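Good morning, and thank you for joining this group meeting.

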Protein chains: 2
Amino acid sequence: MQNCLVTGCAGFIGSHITDYLLNRNFSVIGIDNLSTGREKFLENNIDNKQFTFINEDLLNYNKIHKYFKDISIVYHLSANADVRFGFNHPKKDIDQNILVTSNVLEAMKHNEVKKIIFSSTGSVYGEHKTIPTPEDAGFPIQTSLYATSKIACEGLITSYCNAYDMQSWIFRFVSIIGERYQHGHIYDFFKQLQSNPDQLHILGDGHQKKSYLYINDCLNAIDQALNFYNEKNNIINLGYDGYCEINESAKWITECLNLNPELTYSGQKRGWVGDNPFIHLDVTKISKTGWRPECTIENGVRKTVKYLSENKWLFE
Amino acid sequence: MQNCLVTGCAGFIGSHITDYLLNRNFSVIGIDNLSTGREKFLENNIDNKQFTFINEDLLNYNKIHKYFKDISIVYHLSANADVRFGFNHPKKDIDQNILVTSNVLEAMKHNEVKKIIFSSTGSVYGEHKTIPTPEDAGFPIQTSLYATSKIACEGLITSYCNAYDMQSWIFRFVSIIGERYQHGHIYDFFKQLQSNPDQLHILGDGHQKKSYLYINDCLNAIDQALNFYNEKNNIINLGYDGYCEINESAKWITECLNLNPELTYSGQKRGWVGDNPFIHLDVTKISKTGWRPECTIENGVRKTVKYLSENKWLFE
């Protein structure tokens with residue numbers, strides 16, 4: 001019997017991982033303070049006796065460390081995932097990502113939990129000159145507070161693993177899309193088109209190239225990587241071996257919604273400060289496990305729009 | 001007239017930089033809370049009208065931001081510089097290094113200060129497979145909380161520079177030695193030999209290879225780099241193109257003190273958790289400025305021992 005702990009269990013990826021683990025008959029303690037997580041994402045599991053939901057802030061170490069007792073693996077998904085508005089609240093990434101991860105690691109150390117799965121980000125590569133970007137690409141220069149905080153979390157995790165005989169699987173995700181997605185350009189475009197179906201304003205010139213991965217493919221990749229890689233620290237890119245332009249994605253979104261809005265652009269190469277105009281990760285390492293994504297970027301975008309159309313409560 | 005602000009102005013490197021700037025007739029505001037800094041390091045300058053000393057904690061943003069008004073360049077030297085005991089107080093590096101750097105950058109942003117010099121560390125390369133290690137070596141894996149915090153500071157700085165038209169010179173130092181040195185293996189060995197001249201216990205097997213740079217060479221290198229490199233973010237290794245074994249350094253130290261202690265070893269390859277058994281930075285980039293160190297590692301160690309011998313108050 002594996003006892004798992006999922007931080008951010010009510011978030012987009014965290015709730016899917018919670019489902020995934022419970023479906024395998026593992027027991028799960030899920031911690032979330034519902035700051036961006038949604039109780040609705042947990043409603044299928046809340047009566048499951050294998051699941052314990054703890055509504056608590058991970059910044060509050062004294063309240064959370066006891067839940068790490070007898071846990072065999074921690075899925076640390078809790079994070080401030082907002083890249084775009086980092087400079088509006090410069091302490092948020094430090095608190096929600098770095099300090100929370102420090103608390104998680106201390107709780108693991110004191111309870112002798114040996115394994116951690118962590119959701120890092122492909123944006124730790126900054127605007128790298130090597131594209132597609134492999135895990136061991138040259139020392140990157142950070143361009144956002146979000147990626148900076150994630151690279152700090154990675155460093156905390158690998159340092160603890162070296163010091164305390166722990167083991168990590170650190171996944172550098174591209175943007176994940178699919179059911180329960182509630183943040184990012186598809187969400188923003190959808191919201192705009194809800195309030196004005198005749199116009200869609202795009203940040204940047206629309207030619208930003210981005211890679212997206214569908215949530216089910218993401219979950220399968222994590223599972224494959226855990227079975228395949230067994231180093232002390234396993235750092236693995238998770239992305240789709242390809243990309244789309246934001247303009248293409250806008251076309252798919254408007255097609256799904258049967259709309260034909262006028263497109264306007266803010267015009268620069270980057271949509272906002274810290275926006276990376278070309279994200280494409282080298283996925284050779286995860287591919288060695290035999291994993292292949294089943295869903296194309298286009299289909300992932302279309303599934304996401306379908307989900308948003310059926311779940312307009314997300315915009316309330 | 002250049003108005004400079006030096007954080008950590010009463011520390012080892014910060015106080016030397018303060019001297020250096022005042023000797024050039026720049027005006028200097030120095031901030032230090034004297035937690036590890038020493039008032040004695042400032043005594044030559046305290047009556048200098050070009051110098052203003054602020055005894056304040058940089059964590060206290062509301063108390064410090066006003067001092068950044070009309071500053072043209074910030075030398076950000078304040079830090080928790082303790083690598084070895086990081087895991088004893090896992091929040092200290094986050095507070096003293098990451099949060100303080102965030103405050104410094106916010107204060108710079110609000111006061112439109114455009115230039116920052118930052119003391120990072122060669123330990124951000126972890127135990128890199130490429131030795132000597134260049135600035136653009138492959139994405140490193142962190143092994144200490146100290147280096148993790150410094151890489152986070154680097155990321156905050158480069159992100160702010162991208163966002164707010166600021167410019168950085170980030171120096172990845174090897175250990176700096178010389179007058180006012182008060183922390184590291186020479187200090188530890190000296191202290192041991194003070195209390196027992198007949199025995200010296202060395203952490204590790206004594207074969208750890210380390211590079212050291214003498215403080216005056218460090219100051220000259222910073223000055224050269226500022227004149228020579230003018231990118232948005234200038235990231236530069238600062239070290240000596242060579243290294244010594246800890247055993248050699250122990251020999252120089254005991255020779256200086258006319259002692260012949262029995263040497264004992266804790267025995268492992270690493271002196272402590274996170275100790276890097278081989279530090280040697282590639283200094284090609286700083287050498288392009290024409291800079292060359294004038295002091296060998298051996299002479300730097302000998303000067304440091306002489307200083308400690310003449311300043312035993314440091315051990316009180």
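A word on conventions. This is a predicted model, in which local features need pLDDT of at least 70 and side-chain atom pairs count only at pLDDT 80 or more, while totals for chains, interfaces and linings use all residues. Residues are numbered from 1 along each chain as its sequence is written, and chains are lettered from A and ligands numbered from 1 in the order in which they are written.

Let us begin with chain A. Its secondary structure comes to nine helices and 13 strands; these are DSSP runs numbered from the N terminus, helices being H or I with at least four residues and strands E with at least two. The C-alpha trace spans about 55 × 45 × 40 Å along its principal axes. A compact globule of 316 residues would have a radius of gyration near 20 Å, and the 19 Å of chain A agrees with this. That radius is taken over C-alpha atoms, and the globule rule is 2.2 Å times the number of residues to the power 0.38. Buried residues make up 50% of the 316 in chain A. A residue is buried if 20 or more other C-beta atoms lie within 10 Å of its own, exposed if 12 or fewer, and partly exposed in between, with C-beta atoms placed from the backbone.

How is chain A divided into domains? The assignment gives domain 1 (3-176 + 212-238) and domain 2 (178-211 + 242-315); such bounds come from an automatic or database domain assignment. The C-alpha centres of the two domains of chain A lie 23 Å apart. Their contact takes 37 residues from domain 1 and 32 residues from domain 2, where two residues are in contact if their C-beta atoms, placed from the backbone, lie within 7 Å. On the domain 1 side, helix 6 of chain A gives the most, with eight residues.

I turn now to helix 1 of chain A, residues 12-23. Its end C-alpha atoms are 17 Å apart, which agrees with the 16 Å that twelve residues should span at 1.5 Å a residue; the expected span is 1.5 Å times one less than the number of residues. Ten of the twelve residues are buried, so helix 1 of chain A is largely enclosed by the rest of the structure. Among the buried residues are Phe12(A), His16(A) and Tyr20(A). Their cover includes strand 1 (3-7) and helix 6 (215-228) of chain A. Just after this helix, Asn25(A) takes a positive phi of about 70°.

Next, strand 8 of chain A, residues 199-202. Leu200(A) and Ile202(A) form its covered face, whereas Gln199(A) and His201(A) form the uncovered one. Strand 8 runs parallel to strand 13 (residues 262-265) of chain A, and four bridges join them; two strands pair if DSSP finds at least two bridges between them. The bridge partner of Gln199(A) in strand 13 is Glu262(A).

Finally, which part of chain A gives the largest share of the side that touches chain B? In total, 32 residues of chain A are in contact with 31 residues of chain B. The largest share on the chain A side, eleven residues, comes from helix 4 of chain A.
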